[in-house]
Amino acid sequence: MEANQRIARISAHLHPSNPQVEREHAILRQDGCRAKGGAPGFKVAILGAAGGIGQPLAMLMKMNPLVSVLHLYDVVNSPGVTADISHMDTGAVVRGFLGQQQLESALTGMDLVVIPAGVPRKPGMTRDDLFNINAGIVKTLCEGIAKSCPNAIVNLISNPVNSTVPIAAEVFKKAGTYDPKKLLGVTMLDVVRANTFVAEVLGLDPREVNVPVVGGHAGVTILPLLSQVKPPCSFTSEETEYLTKRIQDGGTEVVQAKAGTGSATLSMAYAAVKFADACLRGLRGDAGIVECAFVASQVTELPFFASKVKLGRGGAEEVHQLGPLNEYERVGLEKAKKELEASIQKGISFIRK
Ligand SMILES: NC(=O)C1=CN([C@@H]2O[C@H](COP(=O)(O)OP(=O)(O)OC[C@H]3O[C@@H](n4cnc5c(N)ncnc54)[C@H](O)[C@@H]3O)[C@@H](O)[C@H]2O)C=CC1
Ligand SMILES: O=C([O-])CC(=O)C(=O)O
């Protein structure tokens, strides 16, 4: 390739409004989207990449050796974020996409799509208060996925997760592309928080602690199973009460501390990358990858529920049962199911209305 062609090719990546980018995408489609000069690996898109979560998430994904191509899509500011991240000397090739007319190009050929697009909470709001704005955003983005990369695994972060995952499922059903194994609501931050707070109480390194958190991702629907903590341990009833409440209110703790400027972004980006990495290792065929996620489920009578899932080439290949619960957890489960049922129904009705 001539030097001036090479230069034109590189600059096209950084200026998504440049018509050259369309030609570039046509080339990528032809050669199976393998980026020239990039490392072998998976193609990942982040939708909402210029946001509070999106930016650190993009940075961490650019550092992930399993990622060969990273597409950064947003309705604002994605060219700047893309230019910035693209200077990191890691393997993934980064491309930016701005605005709805570039959604299709952003999604074509992707293996994994991570969605942190949408508005965050302010103090005094519940996650459900975000429904009116975020439901429409998630619907539009999932319509794009159904059209441009119907086989991709989707990691949905946008709140209220308890309703946005059912919305996504309905959109995919309508489009005839729904594969329940490939749609995962991200509840990893609840697990990350639970590991941290439990480690603090036990005086352990949080990296050694694993707490299953089941149910959903809002208030009482967040149900940590403290009876199943690894390494095995026991808690007094005061400790159980304190830990359960702190884990359930972890998001609100950050919203209040940020005092109107947003909700958890950095810990969420960390959790999102931890979860995306597990999905990519599953896609690669690694054995024994198990993480909690909010998925289509038959573990309870509800159509969606968060529990441990085994991640593999097809996505969430097995949904684990909850295992033995103690009395405190059984009571918590009933409360969680009641709220979850309404949130799931609200999501479904938004599309079926
Ligand atoms: N699942 C979880 O554990 C967590 C979920 N969240 C949720 O993640 C979402 C994002 O939070 P932040 O990054 O803090 O918000 P933010 O406002 O900082 O960023 C959101 C980004 O989404 C973009 N966006 C809006 N509409 C879009 C569209 N139609 N297409 C593409 N991008 C669009 C915005 O331009 C912005 O860059 C919120 O709904 C928040 O509640 C936050 C923390 C944890
Ligand atoms: O609390 C919020 O609004 C954001 C969120 O989901 C979390 O931090 O767990």
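This is a predicted model: local features need pLDDT of at least 70, side-chain atom pairs count only at pLDDT 80 or more; totals for chains, interfaces and linings use all residues.
Lys 173 is partly exposed, its relative accessible area being 42%, where partly exposed denotes the range between buried (under 20% relative accessible area) and exposed (over 50%), with a 1.4 Å probe and protein chains only. Residues are numbered from 1 along each chain as its sequence is written, and side-chain values use heavy atoms, with hydrogens and water left out.

Glu 170 and Lys 173 form a salt bridge in which the closest N and O atoms are 3.2 Å apart, a salt bridge being a side-chain nitrogen of Lys or Arg within 4 Å of a carboxyl oxygen of Asp or Glu. The two residues are three apart in helix 7 (residues 161-175), and about one helical turn therefore separates them; helices (H or I, at least four residues) are DSSP runs numbered from the N terminus. Together with Arg 352, Glu 170 and Lys 173 are linked in a network of salt bridges.

The search of the whole structure finds 15 salt bridges. One of these joins Glu 104 to Lys 147, with 3.3 Å between the closest N and O atoms. Because Glu 104 lies in helix 5 (residues 103-107) and Lys 147 in helix 6 (residues 131-148), the pair ties together parts that are 43 residues apart in sequence. Glu 104 is partly exposed, at 44% relative accessibility, while Lys 147 is exposed, at 61%.

Note on methods:
Chains are lettered from A and ligands numbered from 1 in the order in which they are written.
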